[in-house]
Amino acid sequence: SKRWVGLASSAELIAVYVQQLDQNNDWVGISGFLVPRNTKGLRIGAAAPTMGLRGFSKHSIYLEDIEVSSDNLLGKSGQGMEIAQDNMMFIR
């Protein structure tokens, strides 16, 4: 699950960052994926009881046995933290 997702109820794509392991269960790093809203197993919860940042809604999302492909990968495997940090700096 992921909490405090801004505009999750209207987003077509949701950025999800995961700890990724390879086939041998060896650490690859943090990887980012863009998950389409209509992905089987993705459920968007109720809006949080807050006005949210700048007045837009925040939701929890639930990921239950979803499958994504390499087409959904942001950058390369294990580079998700760098991508997330770049996005945060751009937003600021």
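**Entry 1**

I looked up Glu-12 and found it exposed, because its relative accessibility is 54% and exposed means over 50% (buried is under 20%, partly exposed in between; 1.4 Å probe, protein chains only). I noted that this is a predicted model, where local features need pLDDT of at least 70, side-chain atom pairs count only at pLDDT 80 or more, and totals for chains, interfaces and linings use all residues. I also noted that residues are numbered from 1 along each chain as its sequence is written, and that side-chain values use heavy atoms, with hydrogens and water left out.

Which residue meets the side chain of Glu-12 in a salt bridge? I found Arg-37, with 2.8 Å from N to O. A salt bridge here is a side-chain nitrogen of Lys or Arg within 4 Å of a carboxyl oxygen of Asp or Glu. The pair links distant parts of the chain, 25 residues apart. Glu-12 sits in the loop between strand E1 (2-6) and E2, and Arg-37 in the loop between E3 and strand E4 (42-47). I listed Arg-37 as partly exposed, because its relative accessibility is 30%.

**Entry 2: the other salt bridge**

I counted two salt bridges by this rule. Glu-64 pairs with Arg-43, and their closest N and O atoms are 3.5 Å apart. This pair also links distant parts of the chain, with Glu-64 in the loop between E5 and E6 and Arg-43 in strand E4, 21 residues apart. Glu-64 is partly exposed at 45% relative accessibility. Arg-43 is partly exposed at 43%.

**Entry 3: the elements**

I went through the chain from the N terminus and wrote down β-β-β-β-β-β-α. That is one helix and six strands. Helices (H or I, at least four residues) and strands (E, at least two) are DSSP runs, numbered from the N terminus.

**Entry 4: the open sheet**

In which order do the three strands of the open sheet stand? I read E2-E3-E6, with antiparallel pairing. Strand E2 (13-21) and strand E6 (73-74) are the edge strands, each pairing on one side only. Two strands pair if DSSP finds at least two bridges between them.

E2 and strand E3 (residues 27-36) pair over nine bridges. I checked two residues of this pairing. Tyr-17 has Gly-32 in E3 as its bridge partner, and Gln-19 stands opposite Ile-30 in E3. The hairpin of E2 and E3 has five residues between the strands, and Asn-25 takes a positive phi near 65° in this hairpin.

On to E6. Two bridges join E3 to E6, and Phe-33 has Leu-73 in E6 as its bridge partner.

**Entry 5: around E5**

I then followed E5 (residues 58-63). Three bridges join E1 to E5, and the two run antiparallel. Lys-2 stands opposite Ile-61 in E5. E4 and E5 are antiparallel too, with four bridges. Leu-42 stands opposite Leu-63 in E5.

I listed its contacts (heavy atoms within 4.5 Å).

**Entry 6: the core**

Which residues make up the largest nonpolar core? I wrote down nine: Val-5, Ala-8, Ala-11, Ile-14, Val-16, Phe-33, Val-35, Leu-42 and Ile-61. A nonpolar core is a set of buried Ala, Val, Leu, Ile, Met, Phe, Trp, Tyr and Cys residues joined through side-chain atoms within 4.5 Å. E2 and E3 are the elements that give two or more residues to this core.

I took a second look at Ile-61. Leaving aside its neighbours within four places in sequence, Ile-61 is in contact with residues including Val-5, Ala-8, Ile-14, Val-16 and Leu-42.

**Entry 7: the whole chain**

I ended with totals. Of the 92 residues, 24% count as buried. Among contacts between residues at least 6 apart in sequence, 54% join residues at least 24 apart. The C-alpha trace spans about 45 × 30 × 20 Å along its principal axes.
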